[in-house]
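Thanks, everyone. Let's have the structure up, and then I'll take you through a few points.

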Amino acid sequence: MKILIAEDDPLIQKTVVHKLQKEGFDVVPCSDGKEALEALPLELPDIVLTDMMLPYASGLEIVSAVKKLEGKNIPVIVFSTMGQEDIVEEAFNLGADDYVTKPFSLTELTIRIKKQLRRL
Amino acid sequence: MLVADYYRDEFLSFIKPRYLYGAALAFLVITLFIIIAIFVFLQIKRRRFFRKEKIDSLLDDWISSAIIEDDFQHAHLSPDLLVYLEKARNRQFAIDLLLNTRKNLLGTAADNIKKIYEQLDLQLDSMEKLRSPVWHIKAKGIFELYMMDQRELMDEIAAYTNV
C-alpha cells in the first residue's frame with residue numbers, strides 16, 4: 001500500500017515516514033504542496049496524508065486535486081492544529097475523509113490510516 | 001587665492017603618468033584582494049552550510065528513528081553527532097527540534113522525545129537558562145523544562161510563580 005505524505009516539518013515528516021515504513025507501507029514523502037501536487041498523478045497513492053498549512057500550495061488544494069483524480073477514490077487524512085476547525089470543515093466539504101489534530105499519537109494515526117484502507 | 005593655487009599645483013603634481021600607474025596598480029591589487037577575500041569567505045560559508053545541512057539531516061534521521069521505537073532505552077549516537085552536540089549552539093538546535101516535535105506528538109513518541117532530551121543531557125542547558133539573571137533567557141529555560149516534563153525542578157520553577 002502506497003501512502004503520500006505532505007508535511008513541511010522535516011522531523012515530523014521523517015518520524016511519520018519511519019513509523020509507516022515500520023508498519024510495512026510504501027511511503028512517498030513531500031515537503032511542500034507543489035511537490036505533493038506534482039507527485040500525486042505520478043505516484044497514484046492508495047491514501048494521502050496532508051498538513052493544512054504547506055508552502056506553495058495548501059492542504060486544501062491537495063484535497064481538491066486528490067478528489068478530482070478521475071476513476072480514483074483515494075482517501076485523504078488531513079493534519080490540523082487546534083483552532084483550525086474552519087479549515088478542517090472546508091477540507092471535509094472538498095472531500096477529505098478524516099482528520100488528525102496535532103499533537104497526535106503515531107499509533108492513532110496508523111489506526112486511522114488502516115481504517116481508511118479497509119474501506120477500499 | 002594663493003592657498004587655492006597652492007593646492008591646485010600640489011594636486012596637479014600627482015597627476016603624472018608615473019603616479020597614475022602606481023595608483024592604478026595599487027587599486028588593482030586592493031580590488032583583487034577584496035575579490036579573493038569575498039570568494040574565500042563565501043566558500044567557507046558554503047562549506048559550513050552544507051556540513052550543517054548534512055548533520056541536521058543526520059540528527060533528524062537519528063531522532064525520528066529513536067522516537068518510533070516502542071521500547072526506547074539508550075541513545076546511540078554516531079561520532080559525527082557527538083562532536084556536533086559538543087557546541088552549545090548545536091545543542092540549542094537539538095533542543096528546539098525536540099521541543100517542536102514534542103508539541104506535535106503524543107503517547108510513546110512524546111515519551112521517547114523526553115528520554116532523548118534527558119540522555120543527551122540537554123536538561124543541563126535548560127537549567128543553565130533557568131539560572132540566568134536575564135529574564136527572557138530564564139523564561140525560555142522554564143518553558144523548555146516544562147515542555148520536557150522535568151518535574152524534579154518543579155520547586156525551583158515554583159519560586160518564580162505567584163502561586
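Which residue of β1(B) does A:Ser105 stand opposite? Remember as you look that this is a predicted model. The residue is B:Leu106, facing A:Ser105. That pair belongs to a strand pairing across the two chains. Strand β6 of chain A, residues 104-105, is joined to β1(B) by two bridges. The two strands run parallel.

Now the whole contact. Chain A puts in 14 residues, and chain B puts in 15 residues. Stay with the chain B side. Three elements there give two or more residues each: α2 (17-67), α4 (88-104) and β1 (105-106) of chain B. The largest share is from α2(B), with six residues.

Next, over to chain A and its helix α2, residues 33-43. Which residues of this helix are buried? They are A:Gly33, A:Ala36 and A:Leu40. These three sit on the same side of α2(A), because they cover an arc of only 50° around the axis. The spacing fits a general rule. An α-helix has 3.6 residues a turn, so residues three or four places apart point the same way.

And what covers those buried residues of α2(A)? The cover includes three strands of chain A: β1 (2-6), β2 (26-30) and β3 (47-51). Helix α3 (59-67) of chain A is also part of that cover.

One last stop, at the end of the helix. Just after α2(A) comes A:Leu44, with a positive phi of about 40°.

That's my tour. Over to you.

How values were computed. Residues numbered from 1 in each chain as written. Chains lettered and ligands numbered in written order. Predicted model: local features only at pLDDT ≥ 70, side-chain atom pairs only at ≥ 80, totals over all residues. Contact = placed C-beta atoms within 7 Å. Helix = DSSP H or I, 4+ residues; strand = E, 2+ residues; numbered from the N terminus. Pairing = 2+ DSSP bridges. Buried ≥ 20, exposed ≤ 12 C-beta atoms within 10 Å, placed from the backbone. Arc of directions from axis to C-beta.
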